[in-house]
Structures are given as C-alpha cells and as structure tokens.
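Please read them alongside the sequence and the coordinates.

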Amino acid sequence: MRFAVTHRHASALILAAALLLGTFASLSGLAEHLDRILDPLRVAASVKPPSGRIVVIDMDADSVAAIKSWPWPRHHYARVIDRLSAAGAASITFDVDFSSASTPIGDRAMAEALARAKPPIALPTFAQQARSGDRRSIDALPLPLFRDHAALASVSMQPDSDGIVRRAPFGTVTDGVPRPSVSSFMAHRSGSADAFFPIDFGTDREQLPRLSFVAVEAGRFAPAAIRGKDVVIGATAIEMGDRYAVPYWGVIPGVIIQALAAETLLRAVPVDGSTMVVLLVAAVLAMGLLASRTTPVAIAVGIAAPLALFGMALGAQLAFHRLYPLAAGLVVLAIVSVARIGLNLMARFDRQRSVDEETGLPNRHAMVRDAAQRAAAPIAVVLVNNFSTVVTLLGTAAGHDLMLRLAERLALVGAGAVYRLDDRLLAFELTAAPAELPEAVAQVQQLLARPVEIAGRPMDAAVHVGVSGAADDMSVRLAAATHAAGQALDRRTFWQHSDVDVEALELRLVLMGELDHAIGSGQIEVHYQPKLALADDRITSVEALVRWRHPERGMVRPDLFIPLAEEADRIGPLTLFVLGRVIDDLAGWRQAGIDLCAAVNLSAMLIAEPTFQAAVSELLDDGDVQADRLIFEVTESATLANPEQAALHLRGFRDRGVAISMDDYGTGQSTLTYLRQLPLSELKIDRSFVQHAHLNRADELMVRSTIDLAHNLGLKVVAEGIEEEGCLNLLRQAGCDMAQGYLISRPLPAGDLQRLLIEGLRGAWLRAEHGAAPALPSFTA
C-alpha cells in the first residue's frame with residue numbers, strides 16, 4: 001500500500017511539474033518557436049485539393065518571353081480583362097502594381113476595359129518604404145483613372161519574425177481607408193482591418209487551376225475554365241520577384257499565397273485554439289502514460305501519446321477549422337515520458353538488486369528495504385544444510401528448486417514474502433508474539449519435516465532455524481538470526497533463539513559498528529604466513545591474514561569478526577583493503593630485492609559480485625605489481641553451489657593473470673569433474689588431514705591421493721597446518737609442492753617478514769625452535 005501511495009505521489013509530482021513547464025514554454029514564447037517547427041508536419045498531414053473556385057493567371061516565363069518589355073504595356077491587361085469578362089469570370093483581382101503611369105494609350109485602353117468589364121475587379125493597394133534608409137512608409141494606390149471602375153484591395157504580406165508567411169490580413173488601412181485584402185475580396189469575406197487569420201497551407205498548390213497570361217490574352221483557353229470563377233492575376237516568373245517563404249511549400253510567388261489564403265476563407269475562417277485545451281488533453285494522455293508500469297509499454301505509450309495529440313489537433317483543424325498550438329502539450333508529454341521511463345528503469349534496477357537471480361525470490365536487500373515500510377516483527381532464518389548435497393547429486397537447478405519448494409511452505413506460516421539471503425539461507429517474518437515463538441517454530445518444523453520432491457525424488461530438507469526478536473534494524477536482526485541458525489546447526493537442534501548468547505552477539509555487533517572506522521584508522525593490519533617451496537627449501541609465497549588491533553580490546557580474533565563481516569555485508573570493503581595492502585607490500589618487497597607471490601582469501605559472497613570485480617580490476621590496474629604475483633584462495637563451499645557461475649567469475653580473475661587456489665580442500669564434496677571445471681592453479685589441503693598425516697594412515701592416504709590427483713590435473717599442492725618435522729618429511733616424500741604452518745613460520749607483519757628474509761634468519765630460527773629442523777634459506781635474489 002505504501003508503495004502504491006508513493007507511486008501515486010510521484011506521478012502527481014511529475015504531472016504537475018510537466019504542466020508547469022508546458023505553461024512556462026507557452027508564456028515565454030518558446031512553444032511558439034516549437035510550433036513553427038511543427039508547421040511543415042501539420043501541412044503535410046492535411047494536404048487536400050483546392051476548391052476549384054480560384055483560378056490563377058500566371059504572369060509566367062512564357063508571358064515574359066512573349067511580351068519582352070517591362071513594365072508591360074497596359075493594353076495587354078486590357079485584352080486579358082476583356083477575355084475574362086467575356087468568359088464569365090465571377091471576379092477579377094490583380095496582384096500587379098498600377099500606381100505609376102505607363103504609356104497614355106495603354107493606360108487609356110486599360111481604363112476603358114475596366115469600364116466595360118462585367119465582373120467586379122479589384123486593383124492592388126499596398127504600403128511601401130518611402131526611400132532607402134527611411135522607416136516611414138507611403139501608401140501605393142492605382143492611378144486615379146483606374147479607380148472609378150475598380151475596387152481597391154490590399155496585397156500586403158506580413159512575414160513572421162523568422163521571415164516566413166503564415167498569416168494573411170482580412171484587410172488593411174491605406175490612404176486612411178479600410179480596404180479588404182485580395183484574399184478576402186476573392187472569397188467574398190468581411191472582416192476587420194489589420195486583423196489576421198492563419199493561412200491553411202494544406203491546400204495543394206500544385207492542383208490550383210492556372211492559366212498562362214499570354215494564353216488568356218490570345219484566347220487560347222476554354223471559357224468553361226473561367227466561368228463563375230474568381231480570377232487572380234499576378235507574377236509567377238522567377239525574374240519578376242514577389243516571392244515569399246511559407247511552411248512546407250518553401251519559397252512561392254505572392255499571388256499563389258493570395259490564392260491559398262482565399263481558399264482558406266472559402267472553407268471557413270480559421271480560429272486559433274486555446275493552449276489550455278491542449279494542456280488539458282496532454283494531461284489526460286500523460287496520466288495514461290504515468291500508469292505504464294513497464295518500460296516497453298511506457299515507450300509505446302510515449303510514442304503513441306504525442307501522435308494522438310497531433311491527430312486530435314489535426315482532426316480539429318480539418319473538421320472545425322481550429323488551429324491548436326501543440327508545442328506546450330508536447331513538452332508536457334515529453335517530460336512525462338522521460339520521467340516515466342526513468343522511473344521504470346529505476347524500478348527495474350531496484351528489482352534486479354532486490355531479487356535472487358536463480359530463484360526469483362526477493363533477496364536480502366529487498367528484506368531490509370521492505371522492513372523499513374512496516375512495523376518490526378520477529379524474523380526466522382532457515383539454514384538448508386543439505387543444499388550442497390542436492391546440488392552435487394542433482395545439479396544446480398535442483399538446488400534452486402529445493403529452495404523454491406521450501407519457500408512455498410514457509411509462506412504458509414510467515415507474515416509476508418519469503419526471502420533468499422544466500423545459497424542456503426531463507427528468511428521470513430513471523431506473525432507470533434515473543435511468547436508464542438515456540439509454537440510458531442513448531443509449526444514451521446511440522447511443515448518442513450515432510451520430504452520435498454525434487455527431480456522426482458523425495459528429499460529431506462535438513463533445515464535449522466534461527467530466530468531473532470523485533471528489536472534493532474533489519475540488518476542487525478538478520479545477522480542475529482543467521483548466527484542463531486548456525487548455532488542450531490552446530491548444536492544439532494532444529495532452532496535456536498538469538499538471545500541465547502546475547503553478550504557474544506552484542507560484542508560482534510559492536511565490532512561491526514567499529515569495523516569501517518578501524519579500516520580507515522589503521523587498526524586493521526595484514527600479517528603474512530610464509531609458504532615453503534619443498535623442491536628447494538625456499539620461501540616463494542605467503543598467505544595474507546587479516547588482523548584487527550583494537551585500541552581497547554587488543555588483538556581481535558579473525559574468527560570473531562570475519563564471519564559477522566560476511567553476514568553484515570561488510571566483507572567486500574575489508575577484502576579490498578587487504579588486497580590493496582598486499583599489492584603495496586609486494587611492490588615494496590620487490591624494491592628490496594624480494595620476489596614473492598601472495599595469496600588473499602575471497603569470501604563466497606564476493607566471487608559473483610560485479611562491484612567487487614570492478615574494484616579488483618581497478619586495484620590491479622593502479623598497482624605496481626603484476627597480477628601473476630597474486631593468488632585468490634576460495635573455499636569449496638564458495639563454488640560448489642553453482643560451479644558454472646563460479647567458474648565464469650573466477651575465470652575473469654584468471655584471465656587477468658591472478659592464480660586461483662582452492663582452500664580447505666577435502667572438507668567439502670568436490671568431484672573430479674568439478675575440479676576440472678574450475679580455473680584452478682592449485683589445491684590447498686585442509687590442516688585437518690595434514691596435521692597428523694605422518695601418524696594416521698588414513699590421513700596419509702588422503703594426502704598422498706590428493707597430491708597425485710592434483711598433479712594429474714596440472715595443479716600445484718599446498719599443505720597447511722605443518723607443525724612437526726615428521727609431517728614435513730612425509731610431504732617431501734609425497735611430492736607436495738608447498739608447505740605452510742607454524743613449523744615454517746607463524747604469521748608476521750610485513751616489516752618483520754622482510755627483515756627475516758633479508759637477514760637470512762629463517763634457518764637460525766628453525767634450528768633454535770625445533771632443534772634438528774633444517775635451515776631454510778629465506779629467498780634467492
């Protein structure tokens with residue numbers, strides 16, 4: 001519900017902001033400029049044939065070639081007037097300047113033709129600049145001898161600020177007298193002087209009826225083409241000028257513009273529509289757009305909405321002759337479209353961050369986020385102990401199916417969604433009060449006790465549950481419940497409450513609160529435990545081990561703060577700090593003449609983390625150490641759950657040159673196929689098998705067989721936990737490559753290790769501590 005309210009609020013804010021910006025665009029004039037850009041599109045979408053009532057007599061190139069002189073002798077106009085009058089023209093309008101005298105014979109011939117003409121005739125009047133550099137204008141009127149038998153009509157054009165003609169006047173005032181425009185005269189429309197109307201350039205100018213001036217003068221035309229028509233005569237030859245830019249059609253003769261203006265008035269007088277109407281329609285369309293929850297739908301609606309607005313405006317223009325400015329509405333839709341798609345992308349990103357990729361269940365991030373939107377409740381973390389077994393036997397898909405089947409059951413007793421925290425952890429909120437928790441957990445146990453059918457086989461879920469109360473934030477409760485589930489596993493009980501070890505848990509939580517500060521303040525140290533190359537008794541590699549020197553508590557054990565750092569999602573920054581320090585120390589040792597490799601342990605949580613991989617790449621790029629001097633140690637449990645995905649991500653590190661080592665080998669359930677699938681460089685046999693191998697026949701067989709297996713796979717072998725000479729001798733005989741343990745050296749700070757190797761104290765130390773232990777040289781330059 002809260003999400004829905006938030007979504008509605010966000011939609012309302014987006015719509016309000018879009019309407020404000022659309023209104024601003026209209027009031028500021030920006031919308032007018034945008035509408036001008038849309039003019040050609042409007043025209044192209046509304047092209048239609050002319051009425052046929054307006055006929056243009058072209059003073060064209062053929063006429064110029066035939067008459068040869070300019071100005072044309074006026075007896076030519078007289079003959080055209082007689083021809084048109086005889087053909088039955090409804091009216092004759094001239095877009096030709098008759099304000100100056102021509103030859104007396106020609107002027108008298110035209111005056112006589114005007115006197116005997118049957119249809120009404122209009123001669124042009126216009127305002128023109130007095131002289132160059134003078135801003136005043138004078139009114140140009142036809143000669144007085146022409147005025148007695150002709151009306152006067154204005155041919156003035158008024159382009160917009162960008163030089164394009166979009167409007168025409170109903171009339172103008174010349175010589176102090178209001179006069180109709182040429183278009184008003186031809187369309188027989190009345191109007192106010194100096195009032196303008198928009199010209200409908202959707203009339204197809206190519207289809208306007210047109211006749212050549214010289215053809216009419218010679219009588220080479222069909223009278224039916226003129227009978228009952230309103231005729232306008234004007235220059236169309238390029239050399240005569242009188243041309244203007246208009247939307248869509250480009251630069252065209254003024255007489256054609258007059259004809260298109262007359263065609264506009266013949267249909268109806270266009271009216272400018274209100275911007276507020278457009279904004280209202282855009283708001284309705286925008287609400288539909290804001291309702292689009294997916295990006296593809298939002299994109300589709302974002303394209304359809306402007307087209308719909310344009311279509312409605314075009315329909316109003318064609319049906320009702322109302323011209324609505326579109327730009328302000330399109331601004332609204334554009335803003336809402338971008339905002340809606342942005343919100344969808346953010347929601348999609350949040351969903352990707354909030355959903356477990358393999359199962360589709362919400363993850364830890366989603367649980368922490370959702371907890372902030374409702375009252376706190378007790379939570380339960382379910383640890384699926386046999387998840388790795390199912391994956392090993394039936395494959396990764398079966399493991400994910402197991403988690404889904406368990407989540408379906410847990411949803412029956414939970415207070416909401418069931419979340420997947422990691423490979424084998426599920427979590428949900430309980431509806432029970434604190435006093436009712438035992439009964440609630442018993443219900444969970446009853447649900448999970450029944451086998452789960454996976455891949456047609458019944459499987460025991462083998463789960464353990466940790467429960468935490470409703471105090472503290474969700475991250476703390478999850479850590480506490482996870483810790484309790486681990487305790488339940490260790491104690492072989494079904495469930496455990498997190499309050500059983502409050503003091504220890506509080507200590508760990510306090511430490512986690514101090515960890516970030518510890519990293520930045522130098523409390524975190526990196527110590528190094530040497531690895532001995534058994535082939536030539538040389539220290540060639542070290543393992544980096546993190547230590548916390550707390551100012552009040554002294555040295556904090558790694559097994560105390562590292563597991564909780566993993567649970568609290570702080571293992572990434574800690575590992576990156578250690579890796580950065582290792583790279584710096586390797587570079588320092590190299591300058592001192594010591595060439596070593598260093599191993600760094602990677603948590604299972606970090607192997608597939610993209611941000612961690614990017615940060616590692618940045619460290620490798622910036623560091624002064626070759627990547628092949630680094631080894632990343634991973635445990636079997638970190639990779640066994642999803643070997644294919646683990647191999648993919650580890651291969652990325654391997655491609656950079658970093659070696660991959662499997663730590664604690666022998667404690668998991670690896671198979672030969674699994675080992676071949678991972679991009680490994682070495683196996684590290686767990687100390688539980690190595691420590692007493694020289695005393696325990698079974699452990700010895702395990703160690704020897706592992707060394708042989710690894711060598712057959714092309715892998716080096718590192719044995720850890722070497723504390724006695726007999727164990728070291730056994731490893732030499734078995735062909736082990738590297739040995740690590742207290743017999744070789746305890747972990748040392750970087751400075752102590754450097755001094756130890758440079759001063760050649762390794763052999764002396766071994767002799768002093770272990771009597772007959774062989775002297776081990778520190779390094780070879």
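1. Which residues of helix α28 (residues 750-758) are buried? They are Ala750, Leu753, Leu756 and Leu757, where buried means under 20% relative accessible area with a 1.4 Å probe and protein chains only. Seen down the axis of α28, these buried residues fall within an arc of 130°, so they line one face of the helix; the arc is that of the directions from the helix axis to the C-beta atoms.

2. This is a predicted model, in which local features need pLDDT of at least 70 and side-chain atom pairs count only at pLDDT 80 or more, while totals for chains, interfaces and linings use all residues. Residues are numbered from 1 along each chain as its sequence is written, and side-chain values use heavy atoms, with hydrogens and water left out.

3. The protein has 29 helices and 32 strands, taken as DSSP runs (H or I, at least four residues, for helices; E, at least two, for strands) and numbered from the N terminus. Its radius of gyration, taken over C-alpha atoms, is 46 Å, well over the 28 Å that the globule rule gives for 781 residues, so the protein is more spread out than a compact globule; that rule is 2.2 Å times the number of residues to the power 0.38. The C-alpha trace spans about 140 × 70 × 50 Å along its principal axes.

4. Ser603 lies in the loop between β26 (597-601) and α21 (610-622), and Ser603 is buried, with a relative accessible area of 7%. Leaving aside neighbours within four places in sequence, Ser603 is in contact (heavy atoms within 4.5 Å) with Glu566 and Ile571.

Technical notes: Buried means under 20% relative accessible area, exposed over 50%, partly exposed in between (1.4 Å probe, protein chains only).
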